[in-house]
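Work through the exercises below with the model on screen. Try each task before reading its solution.

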Amino acid sequence: MKPVTAVTYSMSIFNEIISPIRTVRLTRDREKDRKIVEKMLSQGDLVVCPEGTTCREPYLLRFSPLFADVTDEIVPVAINVKTSMFYGSTATGLKCLDPIFHFLNPSPIYFIKILDKLQDSETCMGCRRSQFQVANYVQSEIARTLGFECTSLTRKDKYMALAGNEGIVRTTKY
């Protein structure tokens, strides 16, 4: 059985430690991140959560197209978590508390649907679609499955509106 790794952006060290699967931090530098993703793909299966997937409303932010640029083996997964009391994500404050608040919910509901693997004609490598077209297609399929709407807003737009910052978690001391 191949190992599974998740590549992440701006996840707290505490979240990385308690994650049920290995995590590898991305840098937001496209070329560095591309090399990291390619290396992880060569070692096993990879979970990529494109930026723009965490939203408290039924909308999807614009996806980062990096995943579409490095492989044609793409299996979208639609996930919706409904909570009754606390959000498990923060725009300001200590991100290390996110899992604690998430698990304080008395009855969270998880909807998970594994969609069909993209056909060659739906990928960059198989049909010469741009990585943006593929990312937009995956975003629209996940949104359709969840009953969400797609937006053209980015992760940076979201955090600037909610928190007045770019949403980057600092992992080193000042």
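**Exercise 1.** What does the accessible surface of the protein come to, and what percentage of it belongs to carbon and sulfur atoms?

Solution. The model is a predicted one. Its accessible surface comes to about 11,000 Å². Carbon and sulfur atoms account for 56% of that surface.

**Exercise 2.** Which residue forms a salt bridge with R144, and how far apart are the two in the helix?

Solution. The partner is E141, with the closest N and O atoms 2.7 Å apart. Both residues lie in α6, 3 residues apart, so about one helical turn separates them. An α-helix has 3.6 residues a turn, so residues three or four places apart point the same way. E141 is buried, whereas R144 is exposed because its relative accessible area is 56%, and exposed means over 50%.

**Exercise 3.** Where in the chain do the salt-bridge partners K117 and E73 lie?

Solution. In this salt bridge, the closest N and O atoms are 3.0 Å apart. K117 is in the loop between β6 and α5, and E73 is in the loop between α3 and β5, so the pair ties together parts 44 residues apart in sequence. K117 is partly exposed at 39% relative accessibility, while E73 is exposed at 53%.

Note on methods:
Residues are numbered from 1 along each chain as its sequence is written. This is a predicted model: local features need pLDDT of at least 70, side-chain atom pairs count only at pLDDT 80 or more; totals for chains, interfaces and linings use all residues. Side-chain values use heavy atoms; hydrogens and water are left out. Accessible areas come from the Shrake-Rupley method with a 1.4 Å probe; for residues, only the protein chains shown count as cover. Buried means under 20% relative accessible area, exposed over 50%, partly exposed in between (1.4 Å probe, protein chains only). Helices (H or I, at least four residues) and strands (E, at least two) are DSSP runs, numbered from the N terminus. A salt bridge is a side-chain nitrogen of Lys or Arg within 4 Å of a carboxyl oxygen of Asp or Glu.
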